[in-house]
Amino acid sequence: MTLYANTPKTLTISDIAAMKQAGEKISCLTAYDASFSALLDQAGIDVILVGDSLGMVIQGHHTTLPVTVDDMVYHSRSVAAARKRAFLITDLPFASYATPEQALANAARLMQGGAAQMVKLEGVKIDVIGFLVEQGIPVCGHLGLLPQSVNRIGGYKVQGRDALQAQNMIEDALKIQQAGAGLLILECVPAPLAAEITGRLDIPVIGIGAGINCDGQVLVLYDMLDISVGNRPRFSKNFMAGAVGIADAVHRYHQQVKSAQFPGPEHSY
Ligand code: KIV
């Protein structure tokens, strides 16, 4: 018996990768504070994402663009303080990773000040991903709908609907994996395309509005608790309906992801 035998084990990226290999679905939710972090952890959620969606659900902005690195460090530190088991990913916010050097400085802040185990960045930033991985920083890619590019895209729309876009997304996903990313998020992508990408990648793919065949699922916590301001996106589900409380709603989400009951066709494109 070692000195650390009773220390709760925090999941690592190897544990998350092993879930894909074993065909076990990965459950993920966003959190922004210590109380929800502890609640998600106790429900058995595998991955907690400190998403820059906090700009919308915590700060009340219409987009994620105003979120700063300081904001992300603050919320990541709060979440990290209260979770014991879940793997912790924190978003690099808008315009914080334009060059490899800027990305390194900001990712280091998220890991040192925010205790993140992995940083997430949007889009096909192959040079940045490669550089961060080289420096020992685990990276999660993010393709499909990129909320930080909402002004370029012209709204929050499903991505990859036509054949050319779909082919490009498959190639981009392979490049992101090749650059060394350990995980990929696919947001608002037709389910058959997400299934194809998930099947072609060795790294785990976590979907949000990307159908049932991803290796795991993520939702914005406040959407699935039905407390977000504005309309709940079609791909989300109100897990408070029929639940006896918040912990029960999170537990149901975890169970439904693990048993591949969520998302249904009504939450997919
Ligand atoms: O910021 C966030 O919450 C995210 C999820 C939507 C994947 O990036």
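The following conversation discusses a predicted model of one protein chain.

User: To begin, how many helices and strands are there in the chain?

Analyst: The predicted model has 11 helices and 8 strands.

User: What percentage of the residues count as buried?

Analyst: Of the 269 residues, 55% count as buried. The accessible surface of the chain is about 11400 Å², and carbon and sulfur atoms contribute 54% of that area.

User: What share of the contacts comes from residues 24 or more positions apart?

Analyst: Among contacts with a separation of 6 or more, 62% are between residues 24 or more positions apart.

User: Turning to charges, how many positive and negative ones are there in the chain?

Analyst: There are 20 positive and 24 negative charges, and their mean positions lie 3 Å apart. The structure also holds 11 salt bridges.

User: Which residue meets K258 in a salt bridge?

Analyst: The partner of K258 is E24, with an N to O distance of 2.7 Å. This pair links distant parts of the chain, 234 residues apart: K258 belongs to helix 11 (residues 246–258), while E24 sits in the loop between helix 1 (13–22) and strand 1 (26–30).

User: Is K258 buried or partly exposed? And what about E24?

Analyst: K258 counts as partly exposed because its relative accessibility is 23%. E24 also counts as partly exposed, at 37% relative accessibility.

User: Now K120. With which residue does it form a salt bridge?

Analyst: K120 pairs with D91, and the closest N and O atoms are 2.8 Å apart. Here too the pair links distant parts of the chain, since K120 is in strand 4 (residues 118–120) and D91 in strand 3 (residues 87–91), 29 residues apart.

User: Are those two buried or exposed?

Analyst: K120 counts as buried, because its relative accessibility is 3%. D91 is buried as well, with a relative accessible area of 3%.

User: How far apart in helix 11 are D248 and R252?

Analyst: They are 4 residues apart in helix 11, which means a separation of about one helical turn. D248 and R252 form a salt bridge whose closest N and O atoms are 3.2 Å apart. R252 is partly exposed, with a relative accessible area of 32%.

User: A new topic: where does Q148 lie?

Analyst: Q148 lies in the loop between strand 5 (139–144) and helix 7 (150–153). With a relative accessible area of 7%, Q148 is buried. Leaving aside neighbours within four places in sequence, Q148 contacts D52, T64, L65, L92, P93, F94, Y97 and E122.

User: And V133, where is that found?

Analyst: V133 is in helix 6 (residues 126–134) and counts as partly exposed, at 30% relative accessibility.

User: Which residues is V133 in contact with, beyond its neighbours within four places in sequence?

Analyst: V133 is in contact with V139, A179, G180 and A181. Although V133 and A181 are 48 residues apart along the chain, their C-alpha atoms are separated by 7.3 Å.

How values were computed. Residues are numbered from 1 along each chain as its sequence is written. This is a predicted model: local features need pLDDT of at least 70, side-chain atom pairs count only at pLDDT 80 or more; totals for chains, interfaces and linings use all residues. Side-chain values use heavy atoms; hydrogens and water are left out. Helices (H or I, at least four residues) and strands (E, at least two) are DSSP runs, numbered from the N terminus. Buried means under 20% relative accessible area, exposed over 50%, partly exposed in between (1.4 Å probe, protein chains only). Contact means heavy atoms within 4.5 Å. Accessible areas come from the Shrake-Rupley method with a 1.4 Å probe; for residues, only the protein chains shown count as cover. Lys and Arg count as positive and Asp and Glu as negative; His and the chain ends are not counted. The place of a charge is taken as NZ of Lys, CZ of Arg, CG of Asp or CD of Glu. A salt bridge is a side-chain nitrogen of Lys or Arg within 4 Å of a carboxyl oxygen of Asp or Glu.
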